[in-house]
Amino acid sequence: MATETFDLVILGAGPAGLSASIYAARAGLRCVVFSSGPIGGELPEISHISNYPGFVGSGADLAEAMKKQAEAAGARIAYGKCTRIRQAEAAGGLSPKNAGPSEGFVLAVDEEEISARAVLVATGSEPKTLDFEVEKPVSYCALCDGNLVKGKNIAVIGGANSALQETLYLADLASKVTIISHSPLKAEKFLCQKAEKISNIEIMEGVEVSAELLNQFDHIFVYIGKRPASCFLNDIEVSVVNEQGYIVTGVGERAHETTLAGLFAAGDVREGTVRQVITAAGDGAAAATEIIDFMK
Ligand SMILES: Cc1cc2nc3c(=O)[nH]c(=O)nc-3n(C[C@H](O)[C@H](O)[C@H](O)COP(=O)(O)OP(=O)(O)OC[C@H]3O[C@@H](n4cnc5c(N)ncnc54)[C@H](O)[C@@H]3O)c2cc1C
């Protein structure tokens with residue numbers, strides 16, 4: 001892999017990256033998908049998906065179906081973490097978008113160098129962590145750690161969809177689940193109403209979390225937001241991220257391209273998108289279509 005050159009490197013094998021890989025493979029691009037974590041991205045963490053049209057079931061099953069479909073289309077998927085991206089130097093120097101065609105990019109993936117004419121960043125986001133220590137175990141994925149809470153009194157921190165969805169799953173395992181949200185719940189009404197009807201779920205709204213409060217529980221699950229997985233872009237000469245680290249696209253004529261020709265973004269890592277499976281998959285498809293056009 002070390003010396004290989006690709007038309008397109010896709011970073012991330014979540015719904016955005018896998019969907020893009022289907023389009024890229026079908027268009028005959030020499031393309032590889034690298035993923036630092038499980039194939040499917042966050043999908044395997046989702047116990048039950050009911051808002052992806054045409055599919056109702058576990059995220060793990062959807063991840064497997066997407067992976068199979070991508071491979072059947074000819075996509076190559078490999079494990080590998082990108083730690084750096086830089087622009088390839090042309091004879092005339094670096095190529096910002098307004099200086100003409102891109103010379104491509106050099107990526108460090110598991111410390112090996114890989115070249116690509118175009119890169120699609122679809123690396124999603126990572127959970128924000130508590131900014132203080134607690135004495136009790138802390139988790140960020142109910143499906144992964146649910147087996148640790150059987151019969152226990154647990155707390156879920158957060159008030160958006162992920163927190164509520166995870167609470168509904170954990171309530172079947174724990175003796176009691178207390179949702180603690182610093183503001184009124186922001187999750188969809190459907191999820192809030194469901195939680196309100198379950199006898200071992202308590203909802204605490206407008207409560208600031210503290211170590212003292214959380215230490216009263218046996219186990220803590222945290223869903224207080226995300227931060228984009230984009231720090232490997234720091235070596236690029238021109239900033240392509242906003243203050244929070246989300247990738248800014250759509251400055252030029254292509255909606256998923258950054259200010260650098262040939263550097264694209266899709267899914268949760270992109271600024272201003274709805275962060276859902278369906279939007280990530282759609283974003284991947286749209287970005288791949290723009291990349292196919294860029295290659296021409
Ligand atoms: C608990 C939970 C429940 C959810 N429930 C729902 C739901 O019911 N419905 C819904 O629509 N959405 C739900 N979501 C949100 C949904 O999962 C995301 O919006 C979606 O997965 C985003 O897709 P993505 O491809 O942009 O990123 P991700 O799925 O996050 O995938 C990112 C990929 O990038 C890889 N990666 C990261 N950094 C690097 C790197 N440096 N190099 C190489 N690879 C890298 C990761 O390993 C991963 O493969 C839920 C999320 C969570 C956490």
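Trainee: How far apart do the C-alpha centres of domain 1 and domain 2 lie?

Mentor: The C-alpha centres of domain 1 and domain 2 are 32 Å apart. Please keep in mind that this is a predicted model. Domain 1 is made of two stretches of the chain, 5–126 and 226–295, whereas domain 2 is the stretch 129–222. Both domains give residues to the shell around the ligand, and therefore the ligand lies between them.

Let us look at that shell. There are 36 residues around the ligand, and those that come nearest are Gly 12, Gly 14, Gly 41, Gly 124 and Gly 267. By class, 16 residues of the shell are nonpolar, 14 are polar and six are charged. Several elements each supply at least two residues to the shell: helix 1 (15–26), strand 2 (31–35), strand 3 (49–52), helix 4 (161–170) and helix 7 (277–295).

Strand 1 and strand 2 run parallel and are joined by four bridges. Within this pairing, Ile 10 has Val 33 of strand 2 as its bridge partner. Strand 1 also pairs with strand 8 (residues 112–121), again in the parallel sense, over six bridges. In that pairing, Thr 5 stands opposite Ser 115 of strand 8. Strand 1 itself, residues 5–11, is mostly covered, for five of its seven residues are buried.

Between strand 2 and strand 3, both of which supply residues to the shell, there is a loop that holds Pro 44. The C-alpha atoms of Pro 44 and Asp 61 are separated by 7.8 Å, although the two residues are 17 residues apart along the chain.

Five strands form an open sheet with parallel pairing, in the order 10-14-11-12-13. Strand 10 (138–139) and strand 13 (201–205) stand at its edges; each has a single partner strand, so one side of each is left without a neighbour in the sheet. The partner of strand 10 is strand 14 (residues 219–222), and these two pair in the parallel sense over two bridges. Here Val 138 stands opposite Ile 220 of strand 14.

Finally, consider the chain as a whole. The protein chain has seven helices and 16 strands. Its radius of gyration is 21 Å, close to the 19 Å that the globule rule gives for 296 residues, so the chain is as compact as a globular protein of that length. Along its principal axes, the C-alpha trace spans about 65 × 35 × 35 Å. Of the 296 residues, 43% count as buried. Among contacts between residues at least 6 apart in sequence, 66% join residues at least 24 apart.

Conventions:
Residues are numbered from 1 along each chain as its sequence is written. This is a predicted model: local features need pLDDT of at least 70, side-chain atom pairs count only at pLDDT 80 or more; totals for chains, interfaces and linings use all residues. The radius of gyration is taken over C-alpha atoms; the globule rule is 2.2 Å times the number of residues to the power 0.38. A residue is buried if 20 or more other C-beta atoms lie within 10 Å of its own, exposed if 12 or fewer, and partly exposed in between; C-beta atoms are placed from the backbone. Two residues are in contact if their C-beta atoms, placed from the backbone, lie within 7 Å. Domain bounds come from an automatic or database domain assignment. A residue is near a molecule or strand if its C-beta atom, placed from the backbone, lies within 6 Å of it. Ala, Val, Leu, Ile, Met, Phe, Trp, Tyr, Cys and Pro count as nonpolar, Asp, Glu, Lys and Arg as charged, and the others, Gly among them, as polar. Two strands pair if DSSP finds at least two bridges between them.
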